[in-house]
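Please consult the sequence and the structure shown here while reading.

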2 protein chains.
Amino acid sequence: MLQILSLIGDKWSILVIGQLRDRTLRFSELHRAVKGISQRMLTLTLRQLERDGLLTRTVHPSVPPRVDYALTPLGATLLDSVVALGEWATAHRQEINDNRRRYDATHVPRTRP
Amino acid sequence: MLQILSLIGDKWSILVIGQLRDRTLRFSELHRAVKGISQRMLTLTLRQLERDGLLTRTVHPSVPPRVDYALTPLGATLLDSVVALGEWATAHRQEINDNRRRYDATHVPRTRP
DNA sequence: CGGTATCCGGCCGGATACTG
DNA sequence: CAGTATCCGGCCGGATACCG
């Protein structure tokens, strides 16, 4: 259970899956689409998701090389929950930020210079 | 957006929220319910969730002390998505484990002794 | 283009000890 | 009971260099 949750728990996984929502993307497209991810983390994330059977990796033997990533049916089933989470995050972003500001304002810091 | 996702991304947050699904729990009950979590991580997780306004922390001035945690309305809205994720994880646990085994069996290790 | 390989600083989180 | 404080090892992930 924890091992499955840690799959979802990886924020990069969620973002990558979200990008593959309705189209196949190649590596460089994903790299540009998921802002802030390093090439290393994108590679590791994709390998993990491929290993879990959530997406397929297709190598086209061409010059220059081209690798396409697409969701599997299993990945598509997760997409629904992921999209729901994304919508929740978007819908309550402001409210959460307000809560944080209020909390930080009322709960005085314990360390004093 | 990333900051919101990292809130969900914390596996402990998901598990704690799931435990508060239909009842208030005190600290020690949560500690027992969420298997594997250390006292430190439980405290940190609860503070984070309280700061974001997803749960309330109620201190009862008694001896021995007693602290209850309960979801806020905002926390309850997240609960739906969290439950969906949990159900997805449960439903596809076996399938994912099979995929991992198959992947590990076919993709030979790159390091050879 | 789409990766590996390697180095390494930071912080995550467990263990332990102490307190109101 | 429900925390805080402190230490510290491990691994996460960025930066960089190189390859098919």
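In this predicted model, helix α4(A) and helix α5 of chain B, residues 73–106, have axes that come within 8 Å and cross at roughly 110°. The two helices, α4(A) and α5(B), are therefore roughly perpendicular to each other. On the side of α4(A), the contact is made by A:Arg47, A:Gln48, A:Glu50 and A:Arg51, and on the side of α5(B) by B:Asn99, B:Arg100, B:Tyr103 and B:Asp104. Sorted by class, this contact of α4(A) with α5(B) has 5 charged, 2 polar and 1 nonpolar residues.

Helix α2 (residues 11–19) and helix α4 (residues 39–51) of chain B pack at an angle of about 75°, and their axes are 10 Å apart. That angle makes α2(B) roughly perpendicular to α4(B). From α2(B), the residues B:Trp12, B:Ser13, B:Val16 and B:Ile17 take part, and they meet B:Met41, B:Leu42, B:Thr45, B:Leu46 and B:Leu49 of α4(B). The residues of this contact of α2(B) with α4(B) divide into 7 nonpolar, 2 polar and no charged.

The relation between the two protein chains can be described next. In general, two copies of a chain are related by a rotation about an axis and a shift along it. Here, chain A is superposed on chain B by a rotation of 180° with 0.0 Å of shift along the axis, and the RMSD is 0.0 Å. That is the relation of a two-fold axis. Of the interface residues of chain A, 100% are also interface residues in chain B, so the copies meet through the same surface.

By class, the surface near DNA strand C has 7 nonpolar, 4 polar and 6 charged residues.

Sugar and phosphate account for 62% of the atoms of DNA strand D that come within 4 Å of the protein. The surface near DNA strand D has 7 nonpolar, 4 polar and 6 charged residues.

| Residue | Protein atom | DNA atom | Distance |
|---|---|---|---|
| A:Arg26 | polar side-chain atom | phosphate oxygen, DNA strand C | 3.0 Å |
| A:Tyr69 | side-chain N or O atom | phosphate oxygen, DNA strand C | 2.6 Å |
| B:Ser38 | polar side-chain atom | phosphate oxygen, DNA strand C | 2.8 Å |
| B:Arg26 | side-chain N or O atom | phosphate oxygen, DNA strand D | 3.0 Å |
| B:Gln39 | side-chain N or O atom | base nitrogen, DNA strand D | 2.5 Å |
| B:Pro65 | polar backbone atom | sugar or linking oxygen, DNA strand D | 3.5 Å |

Several elements give two or more residues to the surface near DNA strand D, namely α4 of chain A together with α3 (27–33), α4 and β3 (66–71) of chain B. Of these, α4(B) gives the most, with 4 residues. Near DNA strand C, the largest share of the surface, 4 residues, comes from α4(A).

Finally, one feature of the backbone deserves attention. Most residues other than glycine have a negative phi, and most peptide bonds are trans. Which kind of peptide bond, cis or trans, leads from A:Val63 to A:Pro64? This bond is cis, with omega near 0°. The residue A:Pro64 is found in the loop between β2 (55–60) and β3 of chain A. In chain B, a cis peptide bond joins B:Val63 and B:Pro64, and omega is about 0°. The loop between β2 (55–60) and β3 of chain B holds B:Pro64.

Conventions. Residues are numbered from 1 along each chain as its sequence is written. Chains are lettered from A and ligands numbered from 1 in the order in which they are written. This is a predicted model: local features need pLDDT of at least 70, side-chain atom pairs count only at pLDDT 80 or more; totals for chains, interfaces and linings use all residues. Side-chain values use heavy atoms; hydrogens and water are left out. Copies are superposed by least squares on the C-alpha atoms of residues with pLDDT of at least 70 in both. Contact means heavy atoms within 4.5 Å. Axes are lines fitted to C-alpha atoms, for helices over the stretch in contact, and angles run from 0 to 180 degrees between N-to-C directions. Angles under 35 degrees count as roughly parallel, over 145 as roughly antiparallel, 65 to 115 as roughly perpendicular and the rest as oblique. Ala, Val, Leu, Ile, Met, Phe, Trp, Tyr, Cys and Pro count as nonpolar, Asp, Glu, Lys and Arg as charged, and the others, Gly among them, as polar. A polar contact is a pair of N or O atoms within 3.5 Å; within protein, one must be able to donate a hydrogen and the other to accept it, and residues adjacent in sequence count only if both atoms are side-chain atoms. A residue is near a molecule or strand if one of its heavy atoms lies within 4 Å of it.
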